[in-house]
Amino acid sequence: MEASPHPSSGTRPAKLVIEGVSKRFTSNRSNLQALDDVSLSVAEGEFVCLLGPSGCGKSTLLNIVAGLTRPDRGRVLADGKLVEGPGQERLVMFQESALFPWLDAFGNVMFGLKLKPDLTNRERRRIADDYLELVGLEKFKHAQIHELSGGMKQRVALARALAPDPQVLLMDEPFGALDAMTRDQLYDDIQRIWMESRKTIIFVTHNVREAVCLGDRIVLMSPSPGRIAQVFDIPLPRLRDINSPELASYASRIAAAVKGTADGAASE
Amino acid sequence: MKRAAVALLFFASLIGAWELAVRSGRWSAVLLPSPFFVAEYIWGALLDGTLLESTWVTLKRLLVGYAAGVLIGLPLGLLTSTSQFLEDTLGALALGFQTLPSVCWVPLALVWFGQTEGAMLFVVIMGTVWSVIIATDHGARNIPPIYARAARTMGSEGFHKWTRVILPASLPFLVSGMKQGWAFAWRSLMAAEIYVTILTGFGLGHLLHYGRELNAMEQVIGIMTVIVVIGLLVDRVLFSPWERFLHRRWGTNLKET
């Protein structure tokens, strides 16, 4: 494992370029520098994990890449084009289930597809069926959202985010609320789906093992102000098993670095 | 089945107690007619057509006024939920007028429209529209923001976002608002009909009013019964299916059965 000094992405072409992004949240009581001059480049097909304690601005950075939040300074380029708002080429899978309760599982997956004008209805249905099958929920096609377990909901959310075929998938602690057994299964699924589709993924988490299990690269962030502290390459072969000893040894070293950044913040 | 039997027993004993009270002779038979006498009136009015005709007149006014109130109130409520300016102006106005009992609109309606159908509609709309505005506004504000964010990332903007996300997401609030609007509309129409005689059609309220003038208490109580039954039927036919649908979709208020 090497801790590279610069957050560069090697030789592959950059899919996403984050340049000098800063964001400050001001309210009556507080003034929080969520991000301070953050730069990062993500290669096409790369799986990057943003890791850090809460308050380090990792979710804010994800929202800026998604186009949901505007940075105060700096800019984000996707395929060389300035990101000015949300778009179907960068879909987000949220922390909690953002599924629409007025639609069933199939209807949720169809939502984004219906906003793609170049597809016929038959194609949309077929794609939605395919993605529900990919996440193993073809039998629950017409289930109401509240009838699904937490893990199943996030699978539907994953299918909904994948179905419109985004170039970039942004995942904001999507498994945070799930139990460990469900999560382990989803780690396998997400790796399999990523290896098949080779989407560019940015995955936000505060779980070190989760980051080591999923990421090609781990971008460790430190809080107040939110900055990139260190970047780690994880050259472990896929599929990675989150319970394997190699993975655990990586995780323990990164956890030590995380502890350093958290202590630094606490002493401020 | 058991619940129906319990309800039946309850109402039967209520009517039985009423009949016993009449037979005790403590009250004048004119002031407190026997339930059978009331039933006889309802039956007679059904047969000679007066009841159906006035029910139709009343329901027509109600449905037209209510539909207009909802059609006006719904978009206005969505609007007030989006802007601080509209909330402070239109929203405050709606809140103020909602507290005004809608029968208070009757004198104004009479002066403006005379003894016409227009006056009736005006009172019903004034009774409905404010509470629909407030309920819609409340509903749209209480939508979890994550729905709108998720929709935006999937490319839903503008009209699509309003019709496919904001509106369905606020449905549970809308239905309770529409139910409240209905209750207000029904009450204001009855008040207006009792208060004002409109020559183009005698509604249930007029029958009630003339029952009093003729000292025909069986007519007064009979019409009251019909009004209660209509209220219950509307609740069962118009709102219950909606509420059941919403509970099924949202998974709220599911009874253990």
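This tour goes through a predicted model with chains A and B, selection by selection.

**Chain B as a whole**

Start by selecting chain B. Its secondary structure consists of 11 helices and 0 strands, so coloring by element gives the run α-α-α-α-α-α-α-α-α-α-α from the N terminus on. Along the principal axes, the C-alpha atoms of chain B fill a box of roughly 75 × 55 × 30 Å. Of the 257 residues in chain B, 34% are buried. Take the contacts in chain B between residues at least 6 apart in sequence: 74% of them join residues at least 24 apart.

**Helices 5 and 6 of chain B**

Next, select residues 106-113 and 117-141 of chain B, which are helix 5 and helix 6. Two packed helices are described by the angle between their axes and the distance between the axes. For helix 5 and helix 6 of chain B the angle is about 145° and the axes are 9 Å apart. The crossing of these two helices of chain B is right-handed.

Show the side chains where they meet. Helix 5 of chain B brings Val106(B), Ala109(B), Leu110(B) and Phe113(B), and helix 6 of chain B brings Gly118(B), Ala119(B), Phe122(B) and Val123(B). This contact of helix 5 with helix 6 of chain B has 7 nonpolar residues, 1 polar residue and no charged ones.

**Helix 10 of chain B**

Move on to residues 204-213 of chain B, helix 10. Which residues of helix 10 of chain B are buried? They are Leu204(B), Gly205(B), Leu207(B) and Leu208(B). Look down the axis of helix 10 of chain B: the buried residues fall within an arc of 160°, so they line one face of the helix. Just after helix 10 of chain B, stop at Asn215(B), where phi is positive, at about 60°.

**Where the chains touch**

Now show both chains. The contact takes 20 residues from chain A and 16 residues from chain B. On the side of chain A, strand 7 (90-93) and helix 2 (105-114) each supply at least two residues. The side of chain A that touches chain B has 13 nonpolar, 5 polar and 2 charged residues.

**The two domains of chain A**

Where they meet, 16 residues of domain 1 of chain A are in contact with 15 residues of domain 2 of chain A. On the side of domain 1 of chain A, the elements giving two or more residues are strand 8 (168-172) and helix 5 (180-197) of chain A. By class, that side of domain 1 of chain A divides into 10 nonpolar, 3 polar and 3 charged residues.

**Phe47(A)**

Select Phe47(A), in strand 4 (residues 47-51) of chain A. Is Phe47(A) buried or exposed? Phe47(A) counts as buried because it has 25 C-beta neighbours inside 10 Å, against a cut-off of 20 or more. Leaving out residues up to four places away in sequence, Phe47(A) touches Trp194(A), Ile201(A), Phe203(A), Leu214(A), Gly215(A) and Asp216(A). Asp216(A) is 169 residues from Phe47(A) along the chain, yet their C-alpha atoms are separated by 5.2 Å.

**Backbone points in chain A**

Most residues other than glycine have a negative phi, and most peptide bonds are trans.

- Asp79(A) has a positive phi of about 50°. It sits in the loop between strand 5 (73-78) and strand 6 (81-82) of chain A, and is partly exposed, with 14 other C-beta atoms within 10 Å.
- Asp165(A) has a positive phi near 55°. It lies in the loop between helix 4 (150-162) and strand 8 of chain A, and counts as partly exposed with 16 C-beta neighbours inside 10 Å.
- Ser224(A) and Pro225(A) are joined by a cis peptide bond with omega near -5°. Pro225(A) is in the loop between strand 10 (217-222) and strand 11 (227-233) of chain A.
- Arg238(A) and Leu239(A) are also joined by a cis peptide bond, with omega about -15°. Leu239(A) is in the loop between strand 11 and helix 7 (245-267) of chain A.

Note on methods
Residues numbered from 1 in each chain as written. Chains lettered and ligands numbered in written order. Predicted model: local features only at pLDDT ≥ 70, side-chain atom pairs only at ≥ 80, totals over all residues. Contact = placed C-beta atoms within 7 Å. Helix = DSSP H or I, 4+ residues; strand = E, 2+ residues; numbered from the N terminus. Nonpolar A, V, L, I, M, F, W, Y, C, P; charged D, E, K, R; others polar. Buried ≥ 20, exposed ≤ 12 C-beta atoms within 10 Å, placed from the backbone. Arc of directions from axis to C-beta. Axes fitted to C-alpha atoms, helices over the stretch in contact; angles between N-to-C directions. Left-handed = near helix turned anticlockwise from the far one by under 90°.
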